[in-house]
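Take a look at the model below. We will walk through one chain and then turn to the place where two chains meet.

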Amino acid sequence: MDIENYRKQCLAEIKAERRKSKKKVRKVSDYDFSQVDSEEDLLETISEMSLTGSDAKKNVPILLDMLTNSSLSGKVRMGAFNQLRLGDFHPVEFAPHKPAYTKALREIAEKAPKELRHTALEQLALDNDRYAQKLLRDGLENIRKPLIPSAKAVQLLSHDDHSSSRKIMRRLAKKATGNVRAEALRALSNDKLSIGMLEGIVSDKKESTTIREIAAMSLKNASPKRFAKAASNLVLDGHDDAKLRATAMSAITHNKDIARIVGKPSFIKSVKSVGSGAKSRLLKNSIRQFQASIRID
Amino acid sequence: MNIQIKFPKYDADGRTFVTWRPVEISLKVVDVQPGVTSIPVTLTSRTANQGGQLLFSRSLTHRGSDEISLNVRTGGTATKVWVGGKFPFASFSYGDVEIEARESISGELLGTHPLMVRVRKNANQLNNSERDRFLSALATLNGNGMGRFKNFRDMHVGGAPDIEAHGGFGFLPWHRIYLLDLERELQSIDSEVSLPYWRFDQAAPNLFKRDFIGVSVGGRVQFKHGHPLLNWVTDGVSGVLRGPGNGPNTVPSLRNENQTIALGGSSNPQFTSFAGMQGNPHGSAHMSNGTGWITRISTAPKDPLFFLLHCNVDRLWAKWQFVSNRHDPAAAGSYDQTGSGAPGNRPNDALWPWSGPKTPPRPTTAPGGTLAASPMTNAPGASPKIKDVVDYMGVVTHKNLMFAYDDVPFRN
């Protein structure tokens with residue numbers, strides 16, 4: 001390929017794009033929303049509101065006002081929210097507006113329609129906001145009406161190690177069902193007090209494959225040594241679920257410390273035997289990957 | 001008689017790699033008859049499996065040719081030639097291209113040398129082997145949350161580190177080095193791997209699948225059974241939280257590639273104008289999944305998709321540099337030369353964390369230490385400055401950082 005021609009072609013495409021998208025740059029004073037024809041037009045206007053430079057001082061309060069204005073449609077409020085979220089990517093310029101933004105998020109976390117409420121709670125939770133964490137915990141413990149589905153609440157609380165939610169997670173890991181239990185088991189991957197419970201679930205063939213897999217991944221983090229033992233037993237158990245065995249094998253392969261714990265010659269020999277007799281392609285592939293990794297080492 | 005072909009650098013396994021940017025190799029005749037002062041040799045490349053192709057030249061230029069004929073001196077003196085990948089023919093695996101040295105008249109094969117034209121590719125276009133190697137290397141780096149990946153997660157958090165990475169014109173250089181650091185770590189696990197990019201202004205159906213970056217179900221990413229990233233752990237918690245977003249489709253209301261490059265201006269392109277891409281498309285791409293870790297700076301690197309997103313951001317910068325001739329780090333249009341930026345954003349500033357802990361209000365810890373070394377190049381050094389990362393292909397400075405993109409050629 002001729003590099004010069006390629007460059008010319010790129011430049012021509014950029015020039016064509018420039019011509020196509022030449023439009024009047026709107027200034028803040030032009031944002032007379034009463035003149036906007038349609039909701040789509042309004043959303044496009046919102047998406048052009050800059051959060052940098054001198055524009056930020058004028059635009060952010062307008063956007064915050066739209067976000068908290070319950071007379072506006074959910075779509076418009078979400079548009080304002082999405083524009084404000086871009087502020088995260090201009091931390092220096094957005095910093096003066098952060099307190100007002102956080103205040104607005106806390107307000108809509110309790111009062112707004114579902115999509116706004118869920119997104120606000122998530123944003124706050126990812127920022128380790130204590131107010132939001134309390135709202136989520138109170139919902140799980142039925143102290144207040146849940147603002148978000150329980151599985152999602154567990155998911156968001158698990159983000160912060162210090163969110164004082166461990167006791168709730170342990171209870172849900174034992175007593176809950178479905179996605180709530182799955183998320184609780186994931187959340188306990190840092191919890192030394194849950195190692196025994198996780199071990200029990202991993203080896204319990206009455207549990208579903210999905211739950212056992214999640215428990216195994218959490219056990220791997222909580223106690224690599226005990227995971228190594230559980231995983232090696234799983235891999236070699238010809239009566240256990242092939243998918244689970246493949247996952248265990250893959251987990252050993254991709255963690256050098258765990259591979260070192262289990263990688264005795266007797267285990268390697270047994271794995272080879274399992275691989276040659278396995279009917280499951282997934283299990284065979286995962287064993288092949290393990291064997292390749294120990295050859296490289 | 002044969003020709004010894006030697007590249008400037010090799011890794012611990014004796015392998016060598018190039019990008020589009022030529023490197024200078026040496027040719028030596030061995031076991032030659034006495035009295036012969038030179039041998040006429042023709043160099044070509046032989047490609048297997050539609051892999052990489054090469055260009056040859058006597059000087060550093062993008063105008064190389066498919067073959068070159070020259071007289072290789074005898075008597076122990078090396079004859080020099082430049083070799084680089086032939087754009088856009090990148091390798092798929094090591095050794096799918098090799099140099100062949102033949103006696104020019106008889107055609108006798110005198111020597112061969114395998115190598116790889118290793119460049120960063122569009123994630124949506126990787127073959128299964130490339131995809132799996134990348135995922136496996138990434139999972140190994142993560143080490144179930146206990147591996148070296150933890151440093152990369154800890155470099156990109158809120159507070160003072162956030163200001164280092166996003167608080168000024170240093171945004172693009174900081175992320176360029178961040179990605180390079182990660183890629184070099186991946187290559188120390190599997191040397192054939194390079195970081196792929198998510199071209200977020202185009203549909204990417206092959207990327208958003210269970211066998212690659214995963215599919216969002218209920219805000220949590222699902223992978224196929226046996227997928228290496230099933231073992232992904234960050235901050236002690238396994239899994240990835242990511243909203244459904246547009247999934248494999250293009251992202252609406254996001255600047256496309258040409259619109260992004262156009263930001264830099266036309267008659268006298270300026271980096272300071274191009275840098276506006278930090279908001280859109282960069283920020284917009286982060287937000288495009290709606291919810292999940294990638295939507296917040298402090299949690300974004302917990303999602304592997306983040307690195308593919310930023311690889312595309314860097315590619316856009318590289319492409320802007322290519323079309324705008326902006327490789328000279330000292331040139332006014334290549335970077336903000338006013339010196340008015342905050343520490344960590346000026347051309348002569350060494351980038352944190354690779355330059356160690358700072359004093360408040362800058363970060364007082366430096367996760368990961370210095371930049372990972374590469375067996376292929378000494379550039380940009382262990383603690384690079386902003387000016388060291390602008391000319392990533394050594395167009396002007398001759399300091400080749402040894403990465404390139406599949407759609408951005410070398411041009412000098």
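This is a predicted model: local features need pLDDT of at least 70, side-chain atom pairs count only at pLDDT 80 or more; totals for chains, interfaces and linings use all residues.

In chain A, 50% of the 297 residues are buried. Here, buried means under 20% relative accessible area.

Now look at the secondary structure. Chain A has 18 helices. It has zero strands. How spread out is chain A? Its radius of gyration is 27 Å. The globule rule gives 19 Å for 297 residues, and 27 Å is well over that, so chain A is more spread out than a compact globule. The C-alpha trace tells you the extents: along its principal axes it spans about 75 × 70 × 30 Å.

Next, follow the contacts inside chain A. Take those with a separation of 6 or more. Residues 24 or more positions apart account for 54% of them.

Chain A exposes about 15,200 Å². Carbon and sulfur atoms supply 52% of that area. Then consider the charges. Chain A carries 56 positive and 37 negative charges.

The size of an interface is often given as the accessible area lost when the parts come together. Between chain B and chain A, the buried area is about 5,000 Å². Carbon and sulfur atoms give 55% of it. Which three residues supply more than any others of the area that chain B buries against chain A? They are B:Arg220, B:His225 and B:Arg296, with 15% of that area. The contact takes 62 residues from chain B and 47 residues from chain A.

Terms used: Residues are numbered from 1 along each chain as its sequence is written. Chains are lettered from A and ligands numbered from 1 in the order in which they are written. Side-chain values use heavy atoms; hydrogens and water are left out. Helices (H or I, at least four residues) and strands (E, at least two) are DSSP runs, numbered from the N terminus. The radius of gyration is taken over C-alpha atoms; the globule rule is 2.2 Å times the number of residues to the power 0.38. Buried means under 20% relative accessible area, exposed over 50%, partly exposed in between (1.4 Å probe, protein chains only). Contact means heavy atoms within 4.5 Å. Accessible areas come from the Shrake-Rupley method with a 1.4 Å probe; for residues, only the protein chains shown count as cover. Lys and Arg count as positive and Asp and Glu as negative; His and the chain ends are not counted. The place of a charge is taken as NZ of Lys, CZ of Arg, CG of Asp or CD of Glu. Buried area is the accessible area (1.4 Å probe) that two parts lose on being put together, summed over both.
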